[in-house]
Amino acid sequence: MPKMKTKRAAAKRFKRTKSGLFKRGRANSSHFFTSKTTKRKRRLRKGAIVSPSDQRRVERLLPNS
């Protein structure tokens with residue numbers, strides 16, 4: 001049986017926390033900032049945790065993390 005490969009695209013987007021959850025960046029934070037409120041832009045800077053329904057899917061993409 002060959003080694004399981006990590007999906008490199010997913011490895012660049014997600015990081016595993018100490019407790020086993022995954023951190024992710026927020027969407028809509030790359031351009032068109034003039035139409036977004038200051039409060040919204042500030043929230044977009046922070047990371048977020050992958051939702052429980054997507055947790056298993058990300059674990060399959062990153063078997064060695």
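A salt bridge is a side-chain nitrogen of Lys or Arg within 4 Å of a carboxyl oxygen of Asp or Glu, and this structure holds one of them. What you have here is a predicted model, where local features need pLDDT of at least 70 and side-chain atom pairs count only at pLDDT 80 or more, while totals for chains, interfaces and linings use all residues. Residues are numbered from 1 along each chain as its sequence is written, and side-chain values use heavy atoms, with hydrogens and water left out.

**View 1. The salt bridge of D54 and R57.**
Side chains of opposite charge can pair when their charged atoms come close. Here the side chains of D54 and R57 meet at 4.0 Å, N to O. Both sit in helix α3 (residues 52-61), three residues apart, or about one turn of the helix. Helices are DSSP runs of H or I with at least four residues, strands are runs of E with at least two, and both are numbered from the N terminus. Is D54 buried, exposed or partly exposed? It's partly exposed, at 29% relative accessibility, whereas R57 is exposed at 58%. (Buried means under 20% relative accessible area, exposed over 50%, and partly exposed in between, using a 1.4 Å probe and protein chains only.)

**View 2. Q55, a buried residue of helix α3.**
Q55 lies in helix α3 and has a relative accessible area of 11%, so it counts as buried. Which residues does Q55 touch, leaving aside its neighbours within four places in sequence? They are G20, L21, F22 and V50. Contact here means heavy atoms within 4.5 Å.

**View 3. A patch of positive charge on the surface.**
R24, R26, K39, R40, R42, R43, R45 and K46 gather here. Lys and Arg count as positive, Asp and Glu as negative, and His and the chain ends aren't counted. To join a patch, residues need over 30% relative accessible area and no salt bridge; like charges are joined within 9 Å. Each charge is placed at NZ of Lys, CZ of Arg, CG of Asp or CD of Glu. Helix α2 (residues 38-45) gives the largest share, five residues. R43 lies in that helix and is partly exposed, at 48% relative accessibility.

**View 4. G47, in the loop between α2 and β3.**
With a relative accessible area of 53%, G47 is exposed. Not counting residues up to four places away in sequence, G47 touches R24 and R26. G47 and R26 are 21 residues apart along the chain, yet their C-alpha atoms are separated by 6.1 Å.

Terms used: Patch = residues over 30% accessible without salt bridge, like charges linked within 9 Å, V, L, I, M, F, W, Y side chains within 5 Å. Areas by Shrake-Rupley, 256 points an atom, 1.4 Å probe, with all protein chains shown as cover.
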